[in-house]
Amino acid sequence: MKALIIDDSRAMRLLLRRIVKGLGYEVFEAGNGQEALDVIAAGVLPDVALIDWNMPVMNGLEFVSAMRSNQETRSVTLMMVTTESERAQIVRALAAGAHEYLIKPFTEDALASKFELLGLLPVEV
Amino acid sequence: MTSVSTEDFTFVADFLRQRSAISIGPGKEYLVESRLTPLARDIGLADLTALIGELRRPFPDPAIRDRVVEAMTTNETSFFRDQHPFDAMRTTLVPQVLERNAGIRRLNIWSAASSTGQELYSIAMLLDTHFPELQNWDVNLMGTDLSTDVLNRARDGRFSALEVNRGLPAPMMVRYFERSGAEYVVDPALRRWCTFTQMNLAEAWPVLPIFDIVFCRNVLIYFEIPIRQKILEKINRTLAPGGHLLLGAAETTLGIVEGYRPVRIGNTVAYRVEA
């Protein structure tokens, strides 16, 4: 399983990398939406993308729209991970095609709970 | 944080067993330290040792005594905790009640250790989302807890961003919550089904309605076996024939009481009271 972390903060990418790796994922990173599209174009189609909202070059919402409008990437699960906490913003993100929404700051178990909601945790046998 | 001495830990463990029937075994010193140190500070005492000193007085202040019991009651909770009991509700348990109670059009559900309300509000969201026919039913969702602090929070229906992050699907958040300052408030239309009442499971129970489904998740583990047995027997008597009890993953009725039949529904086990 592959996860793509998209955030312009290196510290946040490191934090997310540690948690998501702990959930059993191979982790890829990008510093903004355009870089993330480049990673995907280079052949990495993730199972899930964790997306910050406010980033230079291409923001998270634009990235979500780009992913959902492309036949080859529309099946990727998209989760916003952002400080934007207004209800209207959450509605916007969901309308654009995001599947889940996590408000920063968050706890490790909150992120895991979102993965569980999305059916993205490894199945226990 | 002050570390708790062996004598003090034993004293607190005995105190809790007497006051709430909650059992804290060896190795849980951290629980006493992490829960009671902030309380000591909040009351204006120097540290944990001073707080336990207050409890050791011949006639301790009842308010302090109650707050210690409340602080030691586990409040760890989240929306749709573990998910699979709620899947069982959606696929099987609620449809069964809809059929069984079609004549009287009444649904009673009890969250027996409701803490700050996430479990009861999760049930309410699930019912409202998946069972629109319940709009014409008499729906009573009752939450009870030992701690008046958490019940007040549950009644307010206000949650922090950290709390709504845990387990609450984003589509449900935007449907059922309004932002108010830094918090998120549960929709009043959803709250009309919900009531919260103080109750100690280990003591005498008030008169309760007959329930169709009881959630008593992750609370029995804190009680010793004889108390667990009594609670499970009393829940059995308050469940309608054909009603179900949902326990935490580490809990069971098997080998403790008769009168329940375990039924596997997806990834959860419900305990059915035979008709």
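This is a predicted model: local features need pLDDT of at least 70, side-chain atom pairs count only at pLDDT 80 or more; totals for chains, interfaces and linings use all residues.
**View 1. Q83(B) sits in the loop between helix 4 and helix 5 (84–100) of chain B.** Q83(B) isn't a glycine, yet it has a positive phi of about 60°. Most residues other than glycine have a negative phi.

**View 2. N218(B) is another residue with a positive phi.** Here phi is near 60°, and again the residue is something other than glycine. To find N218(B), go to the loop between strand 7 (211–216) and helix 11 (225–238) of chain B.

**View 3. A cis peptide bond joins K104(A) and P105(A).** Most peptide bonds are trans. For this bond in chain A, omega is about -5°. And where does P105(A) lie? Look in the loop between strand 5 (100–103) and helix 5 (108–117) of chain A.

**View 4. Helix 1 (residues 6–20) and helix 4 (residues 62–72) of chain B pack against each other.** Their axes are 11 Å apart, and the angle is about 95°. So helix 1 of chain B is roughly perpendicular to helix 4 of chain B, since angles of 65 to 115 degrees count that way. From helix 1 of chain B come F15(B), L16(B), R19(B) and S20(B). They meet R65(B), D66(B), V68(B), V69(B) and M72(B) in helix 4 of chain B. Sort the residues of this helix contact by type and you get five nonpolar, one polar and three charged.

**View 5. E29(A) and R17(A) meet in a salt bridge through their side chains.** Side chains of opposite charge can pair when their charged atoms come close. In this pair, the N to O distance is 2.6 Å. The bridge links distant parts of the chain: E29(A) belongs to strand 2 (residues 26–30) of chain A and R17(A) to helix 1 (residues 10–22) of chain A, 12 residues apart. Zoom out to the whole structure, over all chains, and the search finds 20 salt bridges.

**View 6. Chain B and chain A come into contact here.** How many residues does each chain bring? Chain B gives 18 residues and chain A gives 20 residues. About 1,600 Å² of area is buried between the two, and carbon and sulfur atoms give 53% of that. Keep an eye on N165(B), V174(B) and R179(B): they supply 37% of the area that chain B buries against chain A, more than any other three residues.

**View 7. R179(B) reaches E86(A) in a salt bridge between the chains.** The closest N and O atoms of this pair are 3.1 Å apart. Between chain B and chain A, the count is three salt bridges. There are also 10 residue pairs in polar contact across this interface. On the chain B side, the elements giving two or more residues are helix 8 (161–165), helix 9 (170–176) and strand 4 (177–180). The residues on that side divide into 11 nonpolar, three polar and four charged.

Terms used: Residues are numbered from 1 along each chain as its sequence is written. Chains are lettered from A and ligands numbered from 1 in the order in which they are written. Side-chain values use heavy atoms; hydrogens and water are left out. Contact means heavy atoms within 4.5 Å. Buried area is the accessible area (1.4 Å probe) that two parts lose on being put together, summed over both. A salt bridge is a side-chain nitrogen of Lys or Arg within 4 Å of a carboxyl oxygen of Asp or Glu. A polar contact is a pair of N or O atoms within 3.5 Å; within protein, one must be able to donate a hydrogen and the other to accept it, and residues adjacent in sequence count only if both atoms are side-chain atoms. Helices (H or I, at least four residues) and strands (E, at least two) are DSSP runs, numbered from the N terminus. Ala, Val, Leu, Ile, Met, Phe, Trp, Tyr, Cys and Pro count as nonpolar, Asp, Glu, Lys and Arg as charged, and the others, Gly among them, as polar. Axes are lines fitted to C-alpha atoms, for helices over the stretch in contact, and angles run from 0 to 180 degrees between N-to-C directions. Angles under 35 degrees count as roughly parallel, over 145 as roughly antiparallel, 65 to 115 as roughly perpendicular and the rest as oblique.
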